Amino acid sequence: MIVKLVLKSLQHDKMRFATATLGVAAATGLVVWSFGLTTTSMAQSRERVRRMTAPYSCWVSTGQVGVKMDRKAMGAMMRPSREQLTACIPPDVVASIQALPGVEATLPCKVIRTTLDFRPGGRVMQGPPLMASMVLAPTSGCPYAEANVTGTWPDPASGEPVVAVCSAVFERRRLPLPPLGSPLVMITPYGTVTAKIGAHIAFKETVNGFPTAFATLGAMRQASGGTFDPQPNLLLCKLRGDAGANAVKGLVEKNARQQAGAPSRGTAALSAVECREIESQYVGDQLQNFKRQAPLLLTLSVLTALCMLINALTVGVEQKLRVLALLRAAGMTVRQVAHVVMLEGLVMAICGWAVGMLGGWAILTVFVSRTAEAFPEGVSLGWVTPVCSAAGVALITAVSLHWPCRRAMRIRPLDLLSEDQTADQASRWATRRAPLLGFILLFPMLVFVLPMHISAMTRSVLLLTVGMPLHFFGLFLFLPFFVRLVERLTGPAVSAVLGLDPKLLHRRISRHFSRTAGMVVTLAVGLGSFSAIHIWGSSMTAPFIPSKEFPDVIVSVLPNGVSKDAADKVAKLEGVDSGRCLNIEAAQFFLTDALTAQVARVAGKLPASPNVLLMGAEPQTAFGGEHPLAPFIFAAGERQAAADALAQGGACLITKMFSRETGLAVGDDLSVVKRPPMRGGHGGRRPGMRGDGGHGGAGTGRGTEGRPVQTETFKIVGIVDLNWHLVTSRAQLRGQNNMPGGTMGPVFISEADARRLTGNDETTKFLWLNLSAEYSKKGALPAGQLLEAEIRKAIRIGDENTVRVHHRDEIADGTIAHGADLIGDMARVPFWSLVVLSTGIITLLIASFQASAKELAVMRAVGMTRSQLGRLLLGEALMTGTCGIVLSLLSGFCIGWTFTGWTRAWMMFGGLPISLSIPWLTILQGVGFAFALCVAMAVPPIIWLVRKQDETGGLTVQ
């Protein structure tokens, strides 16, 4: 009987069944897509790695080629140093490996890591620089078996710099491949090499550290400083048949033991890697990528399915209220009523899961078939995808049944006589004191935005177990009052727009609160997620947009710099404002151990890179006078007094971010560890550090070659409010002289103090200047390109360097655009989920129509036209949509800003400000889309309902 009742009900309420099934199917399809794409990618690992390395099965290197490295090691690889040219595999090791019976052939390579000065569209690239591993081109051609070569292969013996470049260098960053014959500028440890691209190698992916640029002898000599030493630092090995790499690894381990017994200066540690290890790394990377995406995808999947199921089941209970009450009067028990609702939810969930599985599989199949070269093994869902998706749907169904079952079990036989029970319930809810408590509970989660001396993990646990539950409980308490409030505020306006009597819309949506609340929350989930992601992304981006107080331009002359009188020559150029161009002497220095410990006490964690970037410039021109070159905003201290103190020496300016992280203020001392001038050799380690990473005490430990650690102390005379991260990164002020790429921030001192510490009195690598008014009118990018051309003419650059002009506004524009792309990718998921969730409007309108059948019949009898009826239903949809939109903005603001603080706690950057940035234009576009979507979803069912209405107020039966 119960099964028959449910089937009849679903057959009668096709639209409600369809919308609930669509919600579950959309959620299931999203899970199937993400899980399926991950398992499919993992299944390709063996074939993918084989194509990347064929015909080689293992390799030996001095640079940990193919070994997965942490951020610091990766940063070191992006800063080529001269030490890499001296590291090589000993000849006896090479001979021993070649003599192994399992080794069929070897390819010895002398790899030089280079940074490409590549500027797509004329712009200096945002983010990490492009890297290429340059080797002498083999006479036999491209060594990769799976690669196709277009163009003319470089002649290894040629003295002309020509290179064949792999497409993998550019495709990893989605950049266009430069055309054949165009120049490719490579920054090497000894200077720049401008090579002509003679051939393209269609090889989309390589192992990290494998050769990606095959050059002539002329190019290799330039990259090596004039003399090319062919001793290899990478040995690619082709094994016979099924021979393993154990013998090769054994030889490398034996060499490592010999080095440990008799260490020598400059000896490089060898590593041996085989393809199977790369396969496991790729599988782990795919899982890691899924873990990054899983929280957002799974949360939206759960909420989509949950909202649609609860909404559909609640509407079903409200629709069948009188029917269920009649059945209760006829003898149906409370448990049987609950079984009706449970069976209905189970049928919807099973159908939705089946449709979602098929839909997700179909979409994934189409995607894989269109990118067959990336997925040669085809689709591989495995058993995890259907099992996990089924388990998730089962859990969601169980949770979603709680409220509708509870509502159904409270139906009494006497409810048959009640015409408007839900209106009384909503009224009682709206007059209690609970709404005030609910409103208050919406905001405690914002406490997690504030800096607190707790670990990031503790903050996360508290947010998930305290902050978020309180917010959702507050929404539950506040929602009845909120619906009544929005109804009262929007009712007159909607009535005026639609040409209706306001009394017709009076309590139209609050009367049946359960049904309306389900739809309001459903809409709020999609738009709220969209708003939260954009608020989070914009607030996270704000501290990284370069401050307007920075000088217009930083010029980088890398890698070796030019004579420091270059600033005087550049100052005379037409594009330089007021003839002012300053040298910047930039170098990183580690903090003392005492100051590092102070940072740990103040910030609650140790800094990831306990060093500062000392930036030395002439103080009076840079910071003093009426028109300083760098008009920084002083949060503490006075500008001219600070400039005078810097000119006298021994003083510094720090940033507000650094002050927050360290607790230092004006008048305090900043101590750094002095180091001897170097171009590498210490690997970025603090003087006084032992080889195992231990630290000597500041000023008391043993420094380089047994000397005591020496410190330099500066008096803090000012604190400036400055966003500095991307300016120092783009201009490559950080990471010079083999120092880490990360820093706690710039510290501004006089040029004389900086040159005394670095020992560099002759050259400069960086220049500071403002553009003239005429050049500023041209725009950031055109002005920068024109100025760069003038600088190349004014100072002799030669092959030792390349010049790059970094305009502050161009960096800002690129940062905003890059951030918008990333945030936009994340926001697409809730954007499309909103499309699915808005279909619930259809169910809501049909249920409202049927619940008000008698009332509508009376109004039709006294003269209401079909046009007025349609506008009445449209007004109800508009007010419901408005409730959902306003609620989504309120909740999205709280969640978005809270997650800003939560994300900031996990970041390695310290001292970031508590910033709130709301991208109103983007959010208003989302609001407009949601509003239009509600109207678009409401119009078709309204037309259908009005046309199908008979004289009694119900629907005609065909």
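**Close-up views of a predicted model**

View 1. Strands are DSSP runs of E with at least two residues, helices are runs of H or I with at least four, and both are numbered from the N terminus. Two strands pair if DSSP finds at least two bridges between them. Strand β1 (residues 58-61) joins β11 through four bridges in the antiparallel sense. Val 60 faces Ala 272 of β11.

This is a predicted model: local features need pLDDT of at least 70, side-chain atom pairs count only at pLDDT 80 or more, and totals for chains, interfaces and linings use all residues. Residues are numbered from 1 along each chain as its sequence is written, and side-chain values use heavy atoms, with hydrogens and water left out.

**View 2. Tyr 144 and Phe 214 form an edge-to-face pair.** Rings of Phe, Tyr and Trp (its six-membered ring) pair if their centres lie within 6.5 Å; planes under 30 degrees apart are stacked, over 60 edge-to-face, the rest tilted. Here the centres are 6.1 Å apart and the planes meet at 70°. Tyr 144 sits in the loop between β4 (130-136) and β5 (148-151), and Phe 214 in strand β9 (residues 213-215), 70 residues apart. Tyr 144 is buried at 3% relative accessibility (buried is under 20% relative accessible area, exposed over 50%, partly exposed in between; 1.4 Å probe, protein chains only). Phe 214 is buried too, at 1%.

**View 3. His 806 lies in strand β23 (residues 801-807).** His 806 is buried, with a relative accessible area of 2%. Its side chain makes a polar contact with the side chain of Ser 556 at 3.1 Å. A polar contact is a pair of N or O atoms within 3.5 Å; within protein, one must be able to donate a hydrogen and the other to accept it, and residues adjacent in sequence count only if both atoms are side-chain atoms. Leaving out residues up to four places away in sequence, His 806 touches residues including Val 124, Asp 552, Arg 730 and Ile 811 (contact: heavy atoms within 4.5 Å).
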